[in-house]
Amino acid sequence: MNPHTPPAVADTLGRTESAVCQKMLDALAESLPEMLGAVVSTADGFEIAAKLSQGLSPATLSAMTSSQLALAEAMSAETGLGRCINVVIEADRGKLVMVDIPGRGQKRLLTVLCADKATLGAVLWPVRRCAAQIGERLDASLD
Amino acid sequence: MSRREYKLLFAGSMGAGKTTAIACVSEIPPVSTDVANTDMAGYAKATTTTALDYGEVTLASGDKLRLYGTPGQSRFDFMWKILGGGALGAVILVDNSRPDPLADLEDYLRSFSEIVRRNRAVVGIGRTETHPDPGLDAYHALLDRMQIQAPLLSVDVRRRDDVLLLLDVLFHQIETHASDDASDGFPESIA
């Protein structure tokens with residue numbers, strides 16, 4: 001594959017999985033009004049589902065989340081702190097929360113972009129709950 | 001003179017052996033950011049690097065090399081820019097078993113053109129024993145056509161000596177062209 005060819009989403013990512021994730025992102029947006037966008041990706045940075053405003057690339061955010069969480073995981077291991085639970089970026093105009101989606105299948109990642117007015121605690125809880133729910137739904141589809 | 005540290009980059013396509021090369025020569029347990037690979041069509045291997053690899057080698061002079069491996073796929077090109085900052089030179093690895101390894105090399109030479117154009121790159125061609133074509137001549141022709149001066153070696157990155165040879169050749173290349181940029185120092189030969 002030529003490195004400049006946009007990589008096709010791997011065949012293993014079923015349409016069902018994308019649909020499940022899309023539905024959960026819609027539900028998260030309902031419960032978290034400060035949410036500006038969200039993406040579900042594979043651990044190696046391919047988009048599975050996204051809910052983003054125009055101008056933001058789900059492909060780029062997926063790749064960046066993959067890098068962030070992989071580096072955070074390496075740093076947690078390096079310092080003997082165990083498994084990385086989430087990565088939070090607090091910026092001038094908002095927050096980014098990145099978490100692993102727990103599950104028995106292949107590892108998935110959830111990235112949520114929030115407006116600045118949201119407090120971190122108020123964001124973390126619904127994001128983790130959303131990740132857990134996606135994980136449960138995907139696990140159920142494995143049976 | 002105080003001992004110095006130099007940052008070197010390993011670039012090249014997915015599966016070319018960047019993680020392996022760094023792990024093979026590093027004196028510290030290498031940092032890797034491998035995750036499960038879902039793009040089996042792109043390259044059939046279990047894991048892939050998505051952030052960076054990191055390792056260290058100390059030269060006989062006491063100078064230290066900090067080795068940074070990049071993710072291969074172009075969707076991680078933001079990491080290429082981040083990791084490329086301040087790098088003295090680059091090792092570009094090619095996997096000769098890929099469908100079009102010459103095109104791969106051309107892409108990476110362009111992506112890392114800032115370092116390549118300053119004659120601070122060496123090219124390592126891997127898996128030539130099982131995949132002899134294209135031969136080194138074809139690679140030399142590509143470099144000539146792109147007007148790039150970069151040493152070209154056939155290597156097995158699982159062999160520590162091969163990776164050290166790449167680094168050694170890279171430093172000779174940098175040393176030879178040091179007058180291009182007199183502000184940069186360069187370490188002594190590794191051998």
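**Exercise 1. The sheet of chain A**

Task: In this predicted model, find the strand order of the open sheet of five strands in chain A and name its edge strands.

Solution: 
- The order is β2-β1-β5-β4-β3, and the pairing is antiparallel.
- β2 (47–51) and β3 (86–91) of chain A each pair on one side only, which leaves them as the edge strands.
- From one strand to the next, the twist averages 10°.
- Take one pair: β1 (residues 35–42) and β5 (residues 108–115) of chain A are joined in the antiparallel sense by seven bridges.
- Within β5(A), A:V112 is the bridge partner of A:A38.

**Exercise 2. Helices on the sheet**

Task: Which strands do α1(A) and α2(A) lie across?

Solution: 
- α1(A) lies across β1 and β2 of chain A, at about 30° to β2(A).
- α2 (residues 58–78) of chain A lies across β1, β2, β3, β4 and β5 of chain A, at about 70° to β1(A).

**Exercise 3. The chain contact**

Task: How many residues does each chain give to the contact, and which element of chain B supplies the largest share?

Solution: 
- Chain B gives 26 residues and chain A gives 24.
- On the chain B side, α3(B) supplies the largest share, three residues.
- That side holds 11 nonpolar, 10 polar and five charged residues.

Note on methods
Residues are numbered from 1 along each chain as its sequence is written. Chains are lettered from A and ligands numbered from 1 in the order in which they are written. This is a predicted model: local features need pLDDT of at least 70, side-chain atom pairs count only at pLDDT 80 or more; totals for chains, interfaces and linings use all residues. Two residues are in contact if their C-beta atoms, placed from the backbone, lie within 7 Å. Helices (H or I, at least four residues) and strands (E, at least two) are DSSP runs, numbered from the N terminus. Ala, Val, Leu, Ile, Met, Phe, Trp, Tyr, Cys and Pro count as nonpolar, Asp, Glu, Lys and Arg as charged, and the others, Gly among them, as polar. Two strands pair if DSSP finds at least two bridges between them. Axes are lines fitted to C-alpha atoms, for helices over the stretch in contact, and angles run from 0 to 180 degrees between N-to-C directions.
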